[in-house]
Amino acid sequence: MASFQSNDGFYQSNYVEENPEFAQQQYGQQGGKEETSSGTDAYYGNNPGYAYDASYGQQQPMAGQEMYSGSSPYTGEIMTPQVPSKSDLPPDSYAGGFEDEPPLLEELGINFDHIYKKTLAVLNPFIVSDPNIVNETDLTGPLCFCLALGATLLLGGKVSFGYIYGISGLGVVAMYALLNIMSMSGVTIGCVASIVGYCILPMVFLSISSIVFSLKGLFGIVLSILTVSWCSLSASKLFVCGLNMDSQQLLVAYPCALLYGVFALLTVF
């Protein structure tokens, strides 16, 4: 093999090994696979003031690896990973898990049993109602009854949803102020809105009858008076039962009759 000349395009360097003793270092206890730290420092020219970190470059555990490291070996595949057992999973942050959570309707405050009992108390104002059920701020039934009143009026050719909600809002505020003056224990505005909304149910029956025949005659006037009396009697009975206002039912029934009289005028005309 011919020797390379300087004109062959190669750069001729004058490399001289600075540490000839490094090649004569003996291997360690692991069969010559690990170098001594002194030889490494001597070869790389490390300053004696710096310490060599042997743990540098080692593989660190990934995030979440300690959480799911179980005692059983991994038996899954790429497409079918292994499902960790309950003993390997961390403890659930929720007390009892999803099985002990309350139903969705209970979290929303919707109780069909109480809605049924309160509706029955409106339909039959002569039964004794439970004060705990009367004092609940349940607005599911009132909202449904207001929508039913507006829908039945819409079938008769009257778009009155805005009037229904507006009159109901003003009536609730007025009854709230009046009942806070008359009662000793006070009342919440949610309770007033619930009772006023539930007692609008007889007015839905009047609205349904207005679809079948006209209420502008004598029969309509009598039927409207009976419906207003029914609504005011039910509302006053629920207010007296829930607020312990004995011997004040007639005083409460009068403003209730004025409120439901406006709904009767809206239904008839």
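**Labels and the values behind them**

Reply: Let us begin with Ser 234, whose place is in helix 9 (residues 218–243), where helices (H or I, at least four residues) and strands (E, at least two) are DSSP runs, numbered from the N terminus. This is a predicted model, in which local features need pLDDT of at least 70 and side-chain atom pairs count only at pLDDT 80 or more, while totals for chains, interfaces and linings use all residues. Residues are numbered from 1 along each chain as its sequence is written, and side-chain values use heavy atoms, with hydrogens and water left out.

Me: Why is Ser 234 called buried?

Reply: Buried means under 20% relative accessible area, exposed means over 50%, and partly exposed lies in between (1.4 Å probe, protein chains only). Ser 234 has a relative accessible area of 1%, so it is buried.

Me: Which residues does Ser 234 touch, not counting residues up to four places away in sequence?

Reply: With that exclusion, Ser 234 touches Val 122, Pro 125 and Cys 199, contact being heavy atoms within 4.5 Å. Ser 234 and Pro 125 are 109 residues apart in sequence, yet 4.9 Å apart in space, C-alpha to C-alpha.

Me: What makes Ser 129 and Ser 168 count as buried?

Reply: Ser 129, found in the loop between helix 3 and helix 4 (131–134), has 14% relative accessibility and therefore counts as buried. Leaving aside its neighbours within four places in sequence, Ser 129 is in contact with Ala 121, Val 134, Leu 238 and Cys 241. Ser 168, which is found in helix 6, counts as buried because its relative accessibility is 13%. With neighbours within four places in sequence again left aside, Ser 168 is in contact with Cys 146 and Phe 263.

Me: How do you know that Cys 146 is too far from the closest cysteine sulfur for a bond?

Reply: A disulfide is a pair of cysteine sulfur atoms within 2.5 Å. The closest cysteine sulfur to that of Cys 146 is in Cys 144, at 9.5 Å, which is why the pair is too far apart for a bond. The structure as a whole holds zero disulfides. Cys 146 has 9% relative accessibility and so counts as buried.

Me: Which residues meet where helix 6 and helix 7 are in contact, and of what class are they?

Reply: Val 172, Met 175, Tyr 176 and Leu 179 in helix 6 meet Ile 189, Val 192, Ala 193 and Val 196 in helix 7. By class, this contact of helix 6 with helix 7 has eight nonpolar, no polar and no charged residues, where Ala, Val, Leu, Ile, Met, Phe, Trp, Tyr, Cys and Pro count as nonpolar, Asp, Glu, Lys and Arg as charged, and the others, Gly among them, as polar.

Me: Why is helix 7 described as mostly covered?

Reply: Eight of the ten residues of helix 7 are buried. Among them are Gly 190, Cys 191, Val 192 and Tyr 198. Cys 191 has a relative accessible area of 3%, and so is buried.

Me: How are helix 3 and helix 7 oriented to each other, and why?

Reply: The axes of helix 3 (residues 112–123) and helix 7 come within 10 Å and cross at roughly 60°, and helix 3 and helix 7 are therefore oblique to each other. The contact is made by Ile 115, Lys 118, Thr 119 and Val 122 of helix 3 and Ser 194, Ile 195 and Tyr 198 of helix 7. By class, the contact of helix 3 with helix 7 has four nonpolar, two polar and one charged residues.

Me: What makes helix 6 and helix 10 roughly antiparallel?

Reply: The axes of helix 6 and helix 10 (residues 249–268) come within 11 Å and cross at roughly 175°, and the two helices are therefore roughly antiparallel to each other. The residues of the contact of helix 6 with helix 10 divide into 15 nonpolar, two polar and no charged.

Terms used: Axes fitted to C-alpha atoms, helices over the stretch in contact; angles between N-to-C directions. Parallel < 35°, antiparallel > 145°, perpendicular 65-115°, else oblique.
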